[in-house]
Amino acid sequence: MDNRLLEMLVCPLCKGPLEHQRSELHGRELVCHADRLAFPVRDDIPVMLESEARSLDTAVAEAQPLPT
């Protein structure tokens, strides 16, 4: 993805900065740390829809074991 495009993109909810991340599990994403959302990048096109974003809070909860 073009770095100039990344610099222009902001979170569609809070207008805050986005961080480009890559992972084997989720692929490429643009992460808004303020809203705790990860927007997917599909075929080099960022999908900046709240309905398509993955909640980072859910990901943390799934990764942590349940207390016994």
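A hairpin of three residues connects strand E1 to strand E2, where strands (E, at least two residues) and helices (H or I, at least four residues) are DSSP runs numbered from the N terminus. E1 covers residues 19-23 and E2 covers residues 27-32, and the two run antiparallel with five bridges between them; strands are said to pair if DSSP finds at least two bridges between them. The model is predicted, with local features requiring pLDDT of at least 70 and side-chain atom pairs counting only at pLDDT 80 or more, while totals for chains, interfaces and linings use all residues. Residues are numbered from 1 along each chain as its sequence is written, and side-chain values use heavy atoms, with hydrogens and water left out.

**Overall architecture**

- The protein contains two helices and five strands, and their order along the sequence is α-β-β-β-β-β-α.
- Of the 68 residues in the protein, 26% count as buried, where buried means under 20% relative accessible area, exposed means over 50%, and partly exposed lies in between (1.4 Å probe, protein chains only).
- The protein exposes about 5,000 Å², of which carbon and sulfur atoms supply 54%; the areas come from the Shrake-Rupley method with a 1.4 Å probe, and for residues only the protein chains shown count as cover.
- Among contacts with a separation of 6 or more, 22% are between residues 24 or more positions apart, a contact meaning heavy atoms within 4.5 Å.

**Nonpolar core**

- The largest nonpolar core has ten residues, namely Leu6, Leu9, Cys11, Leu18, Leu30, Cys32, Leu37, Phe39, Val41 and Ala53; such a core is a set of buried Ala, Val, Leu, Ile, Met, Phe, Trp, Tyr and Cys residues joined through side-chain atoms within 4.5 Å.
- E2 and E3 each supply at least two residues of this core, and the largest share, three residues, comes from E3.
- Leucine 18, a member of this core, touches Leu9, Val10, Cys11, Leu30, Val31, Cys32, Phe39 and Met48 when residues up to four places away in sequence are not counted.

**Cysteines**

- The structure holds zero disulfides, a disulfide being defined as a pair of cysteine sulfur atoms within 2.5 Å.
- In general terms, a disulfide is a covalent bond between the sulfur atoms of two cysteines.
- The closest cysteine sulfur to that of cysteine 11 belongs to cysteine 32 and lies 3.7 Å away, which is too far for a bond.
- Cysteine 11 counts as buried because its relative accessibility is 0%, and cysteine 32 likewise counts as buried, at 1% relative accessibility.

**Salt bridges**

- The structure holds four salt bridges, each being a side-chain nitrogen of Lys or Arg within 4 Å of a carboxyl oxygen of Asp or Glu.
- As a general point, side chains of opposite charge can pair when their charged atoms come close.
- One of the salt bridges joins the side chains of aspartate 44 and arginine 28, at 2.6 Å from N to O. This pair links distant parts of the chain, since aspartate 44 sits in the loop between strand E3 (37-42) and strand E4 (45-46) and arginine 28 sits in strand E2, 16 residues apart. Aspartate 44 is partly exposed, at 45% relative accessibility.
- Another salt bridge is formed by arginine 36 with aspartate 57, whose closest N and O atoms are 2.8 Å apart. Arginine 36 lies in the loop between E2 and E3, and aspartate 57 lies in helix H2 (residues 56-63), 21 residues apart. Arginine 36 is partly exposed at a relative accessible area of 29%, and aspartate 57 is partly exposed at 45%.
- Glutamate 52 and arginine 42 also meet in a salt bridge through their side chains, at 3.1 Å from N to O. Glutamate 52 belongs to the loop between E4 and strand E5 (54-55), whereas arginine 42 belongs to strand E3, ten residues apart. Glutamate 52 counts as partly exposed at 35% relative accessibility, and arginine 42 counts as partly exposed at 43%.

**Serine 55**

- Serine 55 is found in strand E5 and is partly exposed, with a relative accessible area of 26%.
- Although serine 55 and arginine 36 are 19 residues apart in sequence, their C-alpha atoms are 6.0 Å apart in space.
- With neighbours within four places in sequence left aside, serine 55 is in contact with Arg36 and Leu37.
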